[in-house]
Amino acid sequence: MSGIQLSTAGVKLYYAPETTADTMPTTGFTQIHEIKQIPELNPAPDNLETTTLEEEEWKTYVPGLKDTGGALSFTANLTEVSMNEWEDVVEAYDTAAAANLALWFCIIIPGLTKSLFFKGQPSPMGMPGIGVSSVLETTLYITPTGAPKWAAKPTLAVGASAFSATKGSKEVEV
């Protein structure tokens, strides 16, 4: 039995600081707008060779650790709003880190009952490359500080960004 195929339309990236150390938040997530591309968070595990001299034809392996390769690259449109939002993300990380708390990121995919969560450290935005007749884009970097995991969708903060400021400050289920 196959499921319904999903589109990438409507996929969103959110962040929220921990309120209790080492506990993933389930509420208070704020959207990061203008995201155009999300990197893969499904790396192949290292292969650890276990071949003994008794083997005559094939090497044997066991799976090792997975590696996202360091900082994750998220492509985004560069606008005044997206620049301000990213500064808020970096500030949220700094505030959480000062209190020995982590910043969590969440990728919500419409049509799935779970979302992908990971702890990470955002890097301040630099100056992107610019070319003639191009959309101004930037790369937002988040260095994972914990393993990605699938879990129930969070309750999202509405009104926490310039895009939704007119909606009030209530929380909604996704």
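The model is predicted: local features need pLDDT of at least 70, side-chain atom pairs count only at pLDDT 80 or more, and totals for chains, interfaces and linings use all residues. Residues are numbered from 1 along each chain as its sequence is written, and side-chain values use heavy atoms, without hydrogens or water.

**Helix α1**
- Helix α1 covers residues 80-98. Helices are DSSP runs of H or I, at least four residues, and strands are runs of E, at least two, numbered from the N terminus.
- Its buried residues are Ser82, Glu85, Trp86, Val89, Val90, Ala92, Tyr93 and Ala96 (buried: under 20% relative accessible area; exposed: over 50%; partly exposed: in between; 1.4 Å probe, protein chains only).
- These residues cover an arc of only 150° around the axis, which puts them on the same side of α1. The arc is taken from the directions from the helix axis to the C-beta atoms.
- Glu80, Glu91, Thr95 and Ala98 are exposed on the other side.

**Salt bridges**
- There are three salt bridges, each a side-chain nitrogen of Lys or Arg within 4 Å of a carboxyl oxygen of Asp or Glu.
- Lys119 pairs with Asp22, with closest N and O atoms 3.9 Å apart. Lys119 is in strand β8 and Asp22 in the loop between β1 and β2, so the pair ties together parts 97 residues apart in sequence.
- Lys119 is buried at 18%; Asp22 is exposed at 67%.
- Lys36 pairs with Glu137 at 2.5 Å. This pair joins strands β3 and β9, 101 residues apart.
- Glu49 pairs with Lys59 at 3.8 Å.

How values were computed:
The expected span of a helix is 1.5 Å times one less than its number of residues.
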